Amino acid sequence: MMQFRHTRENLDRFIPNRSAMDFDFAHYMLTEGRKGKENKKGVVSSLSKEAYLKLLAETFNMNRTRILAFKNKPLTPVELIPHQFYSSVHQLKPSKPPRHIPQQTSEKTLDAPDIIDDYCLNLMDWGSSNVLALALENTVYLWDASNGSASELVTVDDEDGLVTSVSWAADGHVAIGLNDSSVQLWDSTENRLLRTLKGGHQSRVGSLDWKNHILTTGGMDGKIINNDVRVRSHIVATFAGHQQEVCGLKWSASGQQLASGGNDNLLYIWDMSMASMHSRSQWLHKLEDHSAAVRALAWCPFQHNLLASGGGGSDCCIKFWDTHTGACLDSVDTGSQVCALLWNKNECELLSSHGSMLNQLTLWKYPSLVRIAELTCHTSRVLFMDQSPDGHTVATAAGDETLRFWNAFGAPEVKKDAPKAEQPGPFPHIRQIRLGFTLVLESFRERRKYV
């Protein structure tokens with residue numbers, strides 16, 4: 001005897017499936033629907049009314065012709081509340097404009113005659129007052145970016161030697177490191193020497209950085225010294241680790257950690273909690289991954305424990321470090337000597353300046369480390385690089401005796417005041433649900449009115 005499987009698909013096409021039928025719609029089509037069609041004959045309706053009825057029929061799935069159903073079919077989802085009714089409530093977030101790609105040429109070029117081409121010196125700094133300081137041999141010049149004016153701050157005596165480093169303090173004072181191992185503090189507004197720091201180093205001071213009233217100095221003798229410029233006995237801490245000249249110094253934004261790079265290919269991370277006045281402070285991390293001098297240092301403005309460092313000619317790598325653990329997070333081979341590094345203050349991007357082959361600036365996307373752009377105008381290695389206080393303009397100085405300004409990071413984004421949001425009640429969705437039911441109720445009333 002033949003046996004039949006009792007499955008959902010074993011349905012007789014001549015017997016309706018009651019569970020798939022809409023009896024209310026069937027009743028309407030057999031009674032009211034037919035009356036409505038008869039009443040419409042000979043009546044001229046307006047175009048708007050016809051359009052409304054058509055939209056109403058599509059919305060409530062009233063344009064069906066079959067009454068009986070022989071097979072279960074998934075119904076097309078119906079949007080009871082059209083999108084145009086609540087789009088004003090849920091505004092989509094505007095898309096971000098595409099990233100500005102900098103031009104290949106600099107926006108401005110100034111002469112920088114007699115600039116010293118030395119990898120271990122730091123001869124340029126852009127202060128918070130929008131004034132750039134640049135050392136040319138034994139003279140320090142100030143260039144005011146707000147009006148384009150230039151002035152001479154000081155020309156040191158020949159017996160003091162050349163200027164080997166400059167650095168702005170937050171209060172507008174300028175620190176000048178000299179070849180004779182001393183450091184001078186100058187008032188830039190009055191062109192007045194405030195004091196001279198001596199006795200800390202035995203040779204030239206090529207690196208400087210500020211942390212509030214503490215001026216940190218790095219010398220050719222390998223020593224790093226914290227100087228409190230407010231007191232007579234200015235040496236408050238000494239960091240000993242480098243065996244050769246200190247090429248780079250950078251305090252973290254929090255002021256808790258100090259990064260130092262040296263001509264001995266070493267990178268040190270120092271912690272302020274371990275600093276000592278009476279003995280040489282112990283380093284937190286000693287990092288030996290670079291195979292050339294470490295000069296370029298930059299702390300990430302978005303992640304306080306992320307540090308980028310760049311190596312010299314036989315290394316050519318930019319490395320990224322977690323300074324809490326001392327782990328190297330990533331590394332990229334740039335193909336040329338890394339002279340300086342700058343983070344974009346508004347985007348996750350890093351700008352590097354280079355020597356040897358192209359003497360270029362390279363803009364990197366982080367953390368993908370994709371090259372966004374390369375800027376090539378200098379004809380000698382780009383040793384010095386800094387950015388304006390707003391992060392818009394980048395200044396570079398090179399051994400080709402030119403000072404160039406670039407729109408490398410694009411115009412800063414103007415923040416608009418956000419509109420005041422309506423204070424939601426204890427049940428923020430009640431209003432939307434009520435609006436939906438109101439629209440549905442009105443649609444049913446209109447349907448009965450016109451049919």
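The model is predicted: local features need pLDDT of at least 70, side-chain atom pairs count only at pLDDT 80 or more, and totals for chains, interfaces and linings use all residues. Residues are numbered from 1 along each chain as its sequence is written, and side-chain values use heavy atoms, with hydrogens and water left out.

**Stop 1**

Strands are DSSP runs (E, at least two residues), numbered from the N terminus; two of them pair if DSSP finds at least two bridges between them.

Strand 19 pairs with strand 20 over 5 bridges, in the antiparallel sense. Find leucine 297: serine 309 in strand 20 stands opposite.

**Stop 1: arginine 295**

Arginine 295 is buried but has no salt bridge. Buried means under 20% relative accessible area (1.4 Å probe, protein chains only). A salt bridge needs a side-chain nitrogen of Lys or Arg within 4 Å of a carboxyl oxygen of Asp or Glu. The nearest side chain of opposite charge belongs to aspartate 118, 7.2 Å away. Now show cysteine 339. The arginine 295 side chain reaches the backbone oxygen of cysteine 339 at 2.7 Å.

Display the surroundings. Residues touching arginine 295 (heavy atoms within 4.5 Å) include Tyr119, Leu121, Cys247, Gly310 and Phe384, with residues up to four places away in sequence not counted.

**Stop 2: strand 29**

Move to residues 402-406. Here 5 of the 5 residues are buried, so strand 29 is largely enclosed by the rest of the structure. Thr402, Arg404 and Trp406 point one way; Leu403 and Phe405 point the other way.

Threonine 109 stands opposite arginine 404.

Then take residues 394-397, strand 28. Alanine 395 has phenylalanine 405 as its bridge partner.

Finish at the hairpin of strand 28 and strand 29. There are 4 residues between the strands, and glutamate 401 takes a positive phi near 65°.

Technical notes
Buried means under 20% relative accessible area, exposed over 50%, partly exposed in between (1.4 Å probe, protein chains only). Lys and Arg count as positive and Asp and Glu as negative; His and the chain ends are not counted. A polar contact is a pair of N or O atoms within 3.5 Å; within protein, one must be able to donate a hydrogen and the other to accept it, and residues adjacent in sequence count only if both atoms are side-chain atoms.
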